[in-house]
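Student: I have a structure on screen and want to learn how to read it. Where do we start?

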Amino acid sequence: MTASHTTKPLKPLSILFAASEASPFAKEGGLGDVVGALPKYLSRMGHDVRVVIPRYHSVDCRKYALRLLPGTLVVPMGIIGYMYCGVYEGRLPGSDVPIYLLEHEQFFGRPGLYQQDGQGYMDNDNRFVFLSKAALELCKMLDFHPDVVHAHDWHTGIIPALLNTSYLHDRFVGDAASLLTLHNMQHQGNYYPGLMEVLDIGWKHFNYLELEIDDQVNLLKGGIYHATLLNTVSEGYAREIQTAAFGCGLEGAVRDRSADLSGILNGVDYDEWDPAADRFIAAKYSAKTVKKGKAACKRDLQGVMGLPQRDDLPLFGIVSRMVKQKGIDVLAEAIHRILEMDLQFVIVGNGEPWAHFYFGDIAAMYPEKFACFIGYNESLAHKVEAGADFFVMPSAFEPCGLNQMYSLAYGTPPIVRATGGLDDSVENFNEAVMSGDGFKFWKHSATALFDTIGWAAWTFFNNPKGMVALRKNGMKKRFTWEVAAAKYEELYRLAVLRRRGGEYYRNRFGG
Ligand code: ADP
Ligand code: GLC
């Protein structure tokens, strides 16, 4: 006799995303893209996903039809006392996913998300501890029992520690598992020890394994120690951060949790980034019409950036935060040498003030060859992806990187330093067999960047078949959120099992 097995479908999960950014409401980088996209795909899989972020001054309530919920959230801020905030409710565009935006004039009613004029806000510690605690308090207000709280980077990185301490017996979140996604190890939330009094989880957690480092409170370290599970946004970066070169001082803490750490490459929101449907570009195109389409987009980009409209020169593009992580210093060192070649270069970005002046001067020195736009501009970002012949990313480190994936979709071969997600998502061009979709270099140096740009320029002039192959191979690649979301679901389920153990099994299998 054979036993018949019936598998009960797994219960959908309740998941709370707590983060400092979510596109399109508030975004400074890829973190916003991820938090704005991943919940939609999880929700399509049947999960009950909710997102909480601050309501920054820049969030336009009317534009997103945000509704102020009745009631006030009470947030215990330790030695500061109780603080209060209002809650706006909206939906992630194109979905039913509820997003909650915390209204607190003192903390979030200012022009920047994290900083102003290159200076981080002095009270970022309290601002983001407030966000972390308020996210958990919100569950009470919503009568929401999350199976998993998904925290992101240092801003909400302390949530796993809160769940294991002051919220351990909370009726709503006490048994919630936590997943901490490490998007960037460079920013850790390092503050004076007195922050322990605001966290109010007990000084015993201020020790070298948990929250303390160099006599400071490190919010990210607390999260790394306490999270049920951890992940980074590429497999490569998950390996890298266990080394001193990439761990930014927390490599030991990460290595201690290496068994619980995985890497999931971000997806691309192809609704936003598709050359066949892009509302920002001069001509829409597909893989079949890429040559003609890109030629029109290139002329448009040259026109917008004030460069001569030359089809015969290779055009290199960058869209990036102008910070050292992105290799902007290496580019600054190489740029004169690069511009000795027959080519054009455009940059769209903002960040460190020195870079604004430096590249502004370069534009004045080489008006026929180099142009830059200092600032954040979505439409220009799309125009560069479509109009450039090559997209340049000389990052010192890159946890995932989204722009190289966008540029692959736009038939714009990326030129990348082989690190983290750049290494994982780009395949080096092999002229002999016409495989690959971009150009890679390994050394983080001006010479390596210069050489690789030279290789790409040479390909443009002398290897038209190679150009066709590069574009075609890149456009075939897909980094879908469906694939990434399925991997996240697995992690959530594993985290719930870890947190609730037998009880979960009993509910699931009716034991
Ligand atoms: P990071 O999060 O480290 O900045 P990512 O590559 O993950 O890097 O994501 C960057 C995101 O921000 C992309 O969507 C990119 O197009 C966008 N972006 C960065 N700088 C600008 C800018 N100056 N104007 C428009 N978009 C920008
Ligand atoms: C960080 C990383 C970037 C990544 C993004 C989204 O900002 O710098 O590489 O793509 O987070 O995960």
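This is a predicted model: local features need pLDDT of at least 70, side-chain atom pairs count only at pLDDT 80 or more; totals for chains, interfaces and linings use all residues.

Student: Is Ser-395 buried or exposed?

Tutor: Buried means under 20% relative accessible area. Ser-395 has 1%, so it counts as buried.

Student: Which residues does Ser-395 touch, leaving out those up to four places away in sequence?

Tutor: Its contacts are Gln-325, Lys-326, Gly-327, Arg-417, Thr-419, Leu-422 and His-444.

Student: Now the ligand. How many residues surround ligand 1, and which are the closest?

Tutor: Read the shell first. It holds 20 residues, and Gly-30, Arg-321, Lys-326, Gly-375 and Leu-402 are the closest. By class, six are nonpolar, nine polar and five charged.

Student: Which polar atoms lie by the oxygen atoms of ligand 1?

Tutor: Look for N or O pairs within 3.5 Å. A polar backbone atom of Gly-30 is 2.5 Å from a ligand 1 oxygen. For Arg-321, a side-chain N or O atom lies 2.7 Å from an oxygen of ligand 1. Lys-27 places a polar side-chain atom 3.0 Å from a ligand oxygen.

Student: How much of ligand 1 does the protein bury?

Tutor: Ligand 1 alone exposes 560 Å², and the protein buries 93% of that.

Student: Which elements give two or more residues to the shell?

Tutor: Helix H1 (30-44), strand S16 (315-322), strand S17 (344-351) and helix H15 (403-409) do. S16 gives the largest share, three residues. At the domain level, domain 1 (14-267 + 483-509) and domain 2 (290-476) each supply at least three residues.

How values were computed: Residues are numbered from 1 along each chain as its sequence is written. Chains are lettered from A and ligands numbered from 1 in the order in which they are written. Side-chain values use heavy atoms; hydrogens and water are left out. A residue is near a molecule or strand if one of its heavy atoms lies within 4 Å of it. A polar contact is a pair of N or O atoms within 3.5 Å; within protein, one must be able to donate a hydrogen and the other to accept it, and residues adjacent in sequence count only if both atoms are side-chain atoms. Accessible areas come from the Shrake-Rupley method with a 1.4 Å probe; for residues, only the protein chains shown count as cover. Helices (H or I, at least four residues) and strands (E, at least two) are DSSP runs, numbered from the N terminus. Ala, Val, Leu, Ile, Met, Phe, Trp, Tyr, Cys and Pro count as nonpolar, Asp, Glu, Lys and Arg as charged, and the others, Gly among them, as polar. Domain bounds come from an automatic or database domain assignment. Buried means under 20% relative accessible area, exposed over 50%, partly exposed in between (1.4 Å probe, protein chains only). Contact means heavy atoms within 4.5 Å.
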